[in-house]
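Reader: Please take a close look at the aromatic pairs and their surroundings. Keep it brisk, and give the cut-offs as you go.

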Amino acid sequence: MAIAGSDPSGGAGIQADLKSIAAMGGYGMAAITALTAQNTRGVRSVHVPPAAFLTEQLDAIAEDITIDAVKIGMLGDAGVIDAVRAWLERTRPAVVVLDPVMVATSGDRLLQESAVAALHTLLPLADLVTPNLAELALLLDEPVAAGWAEALEQGKRLSALAGTTVLVKGGHLEEDADGGCPDALVNSAGLPGSETVVVPGERVDTRNSHGTGCSLSSALATAYAAGGDWEAALRRVKPWLLGALREAGRLDVGTGNGPIHHFHHLAQPAEPGPGAGTEHFTERLREPGDFATGLEPLAAEGLSEIYALDFIRGLADGTLPEHEFAYYLGQDALYLNGYSRVLSRAAALAPTEAEQLFWSRSAAQCLEVESELHRSWLAGRAGAPRRQGPVTKSYVDHLHAASLAGSYGVLVAAALPCFWLYAEVGAALHAQFLAAGADESHPYAAWLRTYADEAFAESTRQAIRYTDAAARRGSAAERGAMTEAFVHSVRFEVDFFDAPRLHA
């Protein structure tokens, strides 16, 4: 549920919240805190209805509908803030994201100065606070940060002050040398988890950024409700928001600071009917190799990045330090436990008996054949982790979120890279192993043979065929969501192979 003000131009506020929630696969509800007269050029006036009526809205929803997450945006005045705080204390929602809307992108003040003190009392009730740089400075009564390092320090101070996690956003910083746009989850409040997690991003040169903050916070609340991890939620939401900014110009709304394109990932050319022209959906997702004939650039880049990793090079020539391989196998064993559950979910959703059997057998193989290899390798070896590392957890969270979306096509598309990229990489490494003479003294010969096994290759080809079939049955919107899920998993595969270098 979004608790925020209304933007009649549709780009920010409640309107942006509902679009973002829907784009992330959630069901959006709204309680209106304020009415604005605004357009893409600025805010003309603000009307705040009685706080008692806001309480009636909130109570009506809470008494009837289960609320998985709450996003709080524009509140207007101290009376509204007090009403929201009292409601939060009574109902204790599972997830609360507070976007402290105080200053609009246009520079317009959206919160009365007298209400800032009241807003501070709301901060400890939030699980995540998402201010822009101007709002971060106002909450601390400090000048606006001049650079990223200073912004991070301000985020740490606010986190410690409020006792919650703070998202520090780099969107309003002056463009740095590499044109990046990082965001960071900052936790200085003694809560579980890393103190600072920085997620890099690309800066988009566009005037159409109206509602970016509203959209980001609502999307994060929805993604977290599905997966239960802030870092995984941010890594899922940032690529979506990047696309929404890139494609914003296509909307052509207004003459000022236009809105972002919330549903860019669903936009497809008109088609004569479901599945038309999609006989080989996955051909857009792969590059020439054992299992494919053409690859979308994002996926091709991912595979190229894997081959360039020091981990893969060391695995191929046998020089990889054993503690890094032990870390990798340990994480893989933990990953496969979660992956097997996802494959079991695919079996439950599968439309045919053949597909049910395939995904069920694949789930069993994760727990039997693969786990046995890990046990034989890891027994008695130092350096094998017993807990999921950050990349493993984020990857598994992403897969679980896909499984909860209720779409068989999206789920199998998310699961496919673990078949596909392993098969491609395993076949390439095994070929190098054979070309070098298949020396039995190679320390990782058993692993190389496992992932070059023809049975695994055939399973990969079958997984691709079933993904193609799911795309043919689906709509254009479904195929867009499948592509997004696939690309996210490719990114996690790259990070998974690189994790031993960073964490072992």
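Author: Rings of Phe, Tyr and Trp (for Trp, its six-membered ring) pair if their centres lie within 6.5 Å. Planes under 30 degrees apart count as stacked, over 60 as edge-to-face, and the rest as tilted. A search of the whole structure finds 17 aromatic pairs on these terms.

This is a predicted model: local features need pLDDT of at least 70, side-chain atom pairs count only at pLDDT 80 or more, and totals for chains, interfaces and linings use all residues. Residues are numbered from 1 along each chain as its sequence is written, and side-chain values use heavy atoms, with hydrogens and water left out.

Tyr328 lies in helix H11 and Phe497 in helix H17 (residues 476-503), so the pair ties together parts 169 residues apart in sequence. Helices (H or I, at least four residues) and strands (E, at least two) are DSSP runs, numbered from the N terminus. Tyr328 is buried, at 0% relative accessible area. Phe497 is buried too, at 1%. Buried means under 20% relative accessible area, exposed over 50%, and partly exposed in between (1.4 Å probe, protein chains only).

Tyr395 and Phe492 form another stacked pair. Here the figures are 5.4 Å centre to centre and 15 degrees between the planes. Tyr395 sits in helix H13 (residues 390-404) and Phe492 in helix H17, so this pair ties together parts 97 residues apart in sequence. Tyr395 is buried, with a relative accessible area of 1%. Phe492 also counts as buried, at 6%.

Back to H11. Helix H11 (residues 322-349) packs against helix H14 (residues 408-435) at an angle of about 145 degrees. Their axes are 10 Å apart. Axes are lines fitted to C-alpha atoms, for helices over the stretch in contact, and angles run from 0 to 180 degrees between N-to-C directions. Tyr328 is among the H11 residues that meet H14, along with Asp332, Tyr335 and Arg345. On the H14 side, the residues include Tyr408, Phe419 and Tyr422. Contact means heavy atoms within 4.5 Å. The residues of this contact divide into 14 nonpolar, no polar and two charged. Ala, Val, Leu, Ile, Met, Phe, Trp, Tyr, Cys and Pro count as nonpolar, Asp, Glu, Lys and Arg as charged, and the others, Gly among them, as polar.

Now the wider chain. The protein chain has 17 helices and nine strands. Of its 504 residues, 55% count as buried.
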